[in-house]
Amino acid sequence: MSIDVEQLQSDLMAEIATADLDALEAIRVKALGKQGAITGLLKTLGGMSPEERQVQGPAIQGLRAAVADAIAARKAALEAEALDAKLATEKLDMTLPVSTGPQGSVHPVSQVMDELAEIFADLGFAVATGPEIEDDWHNFTALNIPETHPARAMHDTFYFPDEKDGKKMLLRTHTSPVQIRTMMNQSPPIRIIAPGRTYRSDSDATHTPMFHQVEGLVIDRGIHMGHLKWTLETFVKAYFERDDIVLRLRPSFFPFTEPSAEVDVGFTWVKGRRVIGGDPAAGNGGWMEILGSGMVHPKVIAACGLDPEEWQGFAFGCGIDRLAMLKYGMDDLRAFFDGDLRWLRHYGFAALDVPTLSGGVGA
Ligand code: DAH
């Protein structure tokens with residue numbers, strides 16, 4: 001049998017060199033497919049004499065490998081050419097501005113809550129939470145608020161119609177019940193703030209039925225009012241980002257603290273607006289009440305199962321919405337909760353552009 005392997009190879013190589021992708025596939029089937037010419041040659045090896053096979057075997061195998069390689073190389077070249085051609089016709093301008101689409105913003109209340117958590121974390125306070133649906137024992141009784149206290153009257157408190165386990169359920173009227181829950185669940189020393197939603201039946205420009213408070217509580221040995229005053233001063237300075245903060249503690253009354261103090265902060269008149277900071281004694285300002293505070297009443301400490309002879313502490317409570325209004329200059333509290341996007345776009349904060357305190361990535 002005479003097989004001109006070289007002739008077959010040079011014919012196939014010539015065809016491969018000019019083939020497009022479809023023709024290449026046809027050549028592959030014609031040469032290497034089941035019925036292909038080279039496949040046919042390989043089958044003839046079986047009928048050869050050993051001497052002949054020794055000569056033809058490597059020649060036919062070499063032919064098969066050379067043709068398979070040539071087909072693969074031509075295919076890769078054609079595909080690269082096609083990609084180049086495609087890239088040459090398609091334009092992608094990496095310098096075009098990206099359309100960002102609608103973006104949300106951080107509500108001022110959330111922003112202020114973050115700022116509070118950050119300031120108090122630096123002072124070693126943890127954030128505690130409690131339920132918004134409370135029972136009257138945690139909201140009132142344990143806080144030494146007697147049955148006859150006006151805060152319990154229906155016009156202030158949202159009560160639920162049914163009792164649960166003999167307890168009257170309500171929407172918490174302040175964050176102070178978190179004090180009780182924390183003292184009952186943790187052993188002292190305790191340093192917490194408890195920011196959250198609170199509810200009272202009230203509505204005008206400075207009151208909404210739902211609002212936000214932050215509660216502060218420290219329980220330890222040997223705590224006195226000096227600790228309270230220093231903590232509040234440090235907090236107010238950090239929050240308003242001013243060193244010229246002057247505080248005034250006014251004697252007051254809260255059932256859960258004794259003694260109790262309302263805390264005023266000095267403001268200065270600037271272009272007809274009250275700006276927090278400066279000493280009212282300088283004659284160009286006045287006092288603004290910002291929070292309630294005091295030394296935790298021994299009865300409250302005892303109600304939580306702690307010995308008031310051993311453990312003392314201070315507490316404070318403050319309106320978060322009011323803190324936001326004072327720092328960021330909003331004047332109508334109701335707008336906070338209207339869900340008006342124009343208001344949010346104006347007063348909201350970009351999520352990654354926190355302008356204060358830790359600075360954020362945008363500062
Ligand atoms: N719970 C009080 C309120 O809602 C605020 C308050 C005053 C909380 C004095 C305190 C405090 O912890 O010591 O009006």
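**Pockets and helix packing**

Biologist: Which strands and which helix each supply at least two residues of the lining of the largest pocket?

Modeller: This is a predicted model. In it, each of these elements gives at least two lining residues to the largest pocket. The strands are strand 6 (210–220), strand 7 (247–254), strand 8 (257–270), strand 9 (273–276), strand 10 (285–296) and strand 11 (312–319), and the helix is helix 10 (320–328).

Biologist: What element gives the largest share of that lining?

Modeller: Its share of the lining of the largest pocket is six residues. The element is strand 10.

Biologist: Which residues are closest to the centre of the largest pocket?

Modeller: The largest pocket holds about 1400 Å³ of space. In total, 48 residues line it. The closest to its centre are His207, Gln213, Glu289, Gly319 and Arg322.

Biologist: How many residues in the lining of the largest pocket are charged?

Modeller: Sort the lining by class. There are 20 nonpolar and 17 polar residues. The charged residues number 11.

Biologist: Which residues line the second largest pocket?

Modeller: The second largest pocket has a volume of about 150 Å³. Its lining has three nonpolar residues, four polar and one charged. The residues are Pro102, Gln103, Gly104, Ser105, Leu341, Leu344, Arg345 and Gly348.

Biologist: How many charged residues are in the contact of helix 2 with helix 4?

Modeller: Helix 2 brings Leu21, Leu24, Ile27, Arg28, Ala31 and Leu32. Helix 4 meets them with Arg64, Val67, Ala68, Ile71, Arg74, Lys75, Leu78 and Glu79. By class, nine of the contact residues are nonpolar and none are polar. The charged ones number five.

Biologist: Is the crossing of helix 3 and helix 4 left-handed or right-handed?

Modeller: Helix 3 covers residues 37–44, and its axis lies 10 Å from that of helix 4, at an angle of about 160°. The two are therefore roughly antiparallel. Their crossing is left-handed.

Biologist: Which residues of helix 4 make the contact with helix 3?

Modeller: Helix 3 uses Ile38, Leu41 and Leu42. By class, the contact has six nonpolar residues, one polar and one charged. From helix 4 come Ile60, Gln61, Leu63, Arg64 and Val67.

Methods
Residues are numbered from 1 along each chain as its sequence is written. This is a predicted model: local features need pLDDT of at least 70, side-chain atom pairs count only at pLDDT 80 or more; totals for chains, interfaces and linings use all residues. Side-chain values use heavy atoms; hydrogens and water are left out. On a 1 Å grid over the protein atoms alone, a cavity is a set of points where a 1.4 Å probe fits but cannot get out, and a pocket is an open set with protein on both sides within 12 Å along at least five of seven lines; lining residues have an atom within 4 Å of a point. Grid points are joined across faces, edges and corners, and a volume is the space filled by probe spheres set on the points. Helices (H or I, at least four residues) and strands (E, at least two) are DSSP runs, numbered from the N terminus. Ala, Val, Leu, Ile, Met, Phe, Trp, Tyr, Cys and Pro count as nonpolar, Asp, Glu, Lys and Arg as charged, and the others, Gly among them, as polar. Contact means heavy atoms within 4.5 Å. Axes are lines fitted to C-alpha atoms, for helices over the stretch in contact, and angles run from 0 to 180 degrees between N-to-C directions. Angles under 35 degrees count as roughly parallel, over 145 as roughly antiparallel, 65 to 115 as roughly perpendicular and the rest as oblique. A crossing is left-handed if the near helix is turned anticlockwise from the far one by less than a right angle, and right-handed if clockwise.
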